[in-house]
Amino acid sequence: MSFASAGLLPFSAKHVVIINKLVTRATLIVHCTNKEEDKGVISLGPGDSFDFRFRVNLLKTTVYTCSFAWPGNTATFDIFRADRDDNPRSKVGVCSECIWSIYEPAPCRDRRDGGQPNCFQWAS
């Protein structure tokens, strides 16, 4: 494993993938932003995905927040947080390819080893 992929170097490259896994098979509207960048509003049909790439900033404070909307619901979630997703000491570990499956009850980060995904609470 390289130092960059282990989250030990600044500016580590990240690839976030968001997959619509709503059980109701509804269209998912996704809008992700950080302090410097707006990824635009994306409409994902059932099973569709959206992805973006970036590098973690020098201070390792990079956060991308996404709003999610589907019929009758809106929710927000930090889809990438350097303190959670680029920190070898976090309970979910470092991801260079951060794959998120979006379900109605929770956003879940898939695991590379195929184990149980790490699911989180919606922020709102």
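## A walk through the fold

Let's start with Asp83, which counts as partly exposed because its relative accessibility is 44%. A word of caution before we go on: what you're looking at is a predicted model. Asp83 has a salt-bridge partner, Arg81, and the closest N and O atoms of the two sit 2.9 Å apart. Arg81 is partly exposed as well, with a relative accessible area of 28%.

So what is going on in a pair like that? Side chains of opposite charge can pair when their charged atoms come close. A search of the whole structure turns up nine salt bridges. One of them joins Asp86 to Lys14, with 2.7 Å between the closest N and O atoms. Asp86 lies in the loop between helix H1 (82-85) and S7, while Lys14 belongs to strand S1, so this pair ties together parts that are 72 residues apart in sequence. Are these two buried or exposed? Both Asp86 and Lys14 are buried.

Now try Glu97 and Arg112, another salt bridge, whose closest N and O atoms are 2.7 Å apart. Glu97 is in strand S7 and Arg112 is in the loop between strand S8 (107-109) and S9, so the pair connects parts that are 15 residues apart in sequence. Glu97 is partly exposed, because its relative accessible area is 28%, and Arg112, at 67%, is exposed. Salt bridges can also share partners, and here that joins Lys14, Lys60 and Asp86 into one network.

Next, the strands. Have a look at S1 and S7: they run parallel and are joined by six bridges. To see one of those pairings up close, find Ile19, whose bridge partner in S7 is Ser101.

S5 and S6 are paired too, in the antiparallel sense, over eight bridges. Together they form a hairpin with two residues between the strands, and in that hairpin Gly72 takes a positive phi near 85°. Within this pairing, Cys66 stands opposite Phe77 in S6.

The structure holds 11 aromatic pairs. In one of them, Phe77 and Trp100 have ring centres 5.1 Å apart and planes at 65°, so the pair is edge-to-face. The two residues come from distant parts of the chain, with Phe77 in strand S6 (residues 73-81) and Trp100 in strand S7 (residues 97-102), 23 residues apart. Phe77 counts as buried because its relative accessibility is 5%, and Trp100 is buried too, at 0%.

Trp100 has another ring partner in Phe120, and this pair is tilted, with 5.5 Å from centre to centre and 50° between the planes. Again, distant parts of the chain are linked: Trp100 is in strand S7, and Phe120 is in the segment after strand S9 (118-119), 20 residues apart. Phe120 is buried, because its relative accessible area is 15%. What lies over the face of Phe120? Arg84 does, at 4.9 Å from the ring centre. Zoom out a bit, and ring pairs link Phe68, Trp70, Phe77, Trp100, Phe120 and Trp122 into a cluster.

Finally, let's visit some loops. Leu58 is in the loop between strand S4 (49-55) and strand S5 (63-70), and it is exposed because its relative accessible area is 56%. With Phe11 and Leu59, Leu58 makes a nonpolar surface patch of about 360 Å². The loop between S4 and S5 also holds Lys60, which has a positive phi of about 55° although it is not a glycine. Lys60 counts as partly exposed because its relative accessibility is 27%. Arg25 isn't a glycine either, yet its phi is positive, at about 60°. You'll find Arg25 in the loop between strand S1 (13-20) and strand S2 (28-33), where it is exposed because its relative accessible area is 60%.

Methods. Residues are numbered from 1 along each chain as its sequence is written. This is a predicted model: local features need pLDDT of at least 70, side-chain atom pairs count only at pLDDT 80 or more; totals for chains, interfaces and linings use all residues. Side-chain values use heavy atoms; hydrogens and water are left out. Rings of Phe, Tyr and Trp (its six-membered ring) pair if their centres lie within 6.5 Å; planes under 30 degrees apart count as stacked, over 60 as edge-to-face and the rest as tilted. Helices (H or I, at least four residues) and strands (E, at least two) are DSSP runs, numbered from the N terminus. Buried means under 20% relative accessible area, exposed over 50%, partly exposed in between (1.4 Å probe, protein chains only). A charge sits over a ring if NZ of Lys or CZ of Arg is within 6 Å of the ring centre and within 35 degrees of the ring normal. Patches are made of residues with over 30% relative accessible area and no salt bridge: like charges are joined within 9 Å, nonpolar side chains (Val, Leu, Ile, Met, Phe, Trp, Tyr) within 5 Å. Accessible areas come from the Shrake-Rupley method with a 1.4 Å probe; for residues, only the protein chains shown count as cover. A salt bridge is a side-chain nitrogen of Lys or Arg within 4 Å of a carboxyl oxygen of Asp or Glu. Two strands pair if DSSP finds at least two bridges between them.
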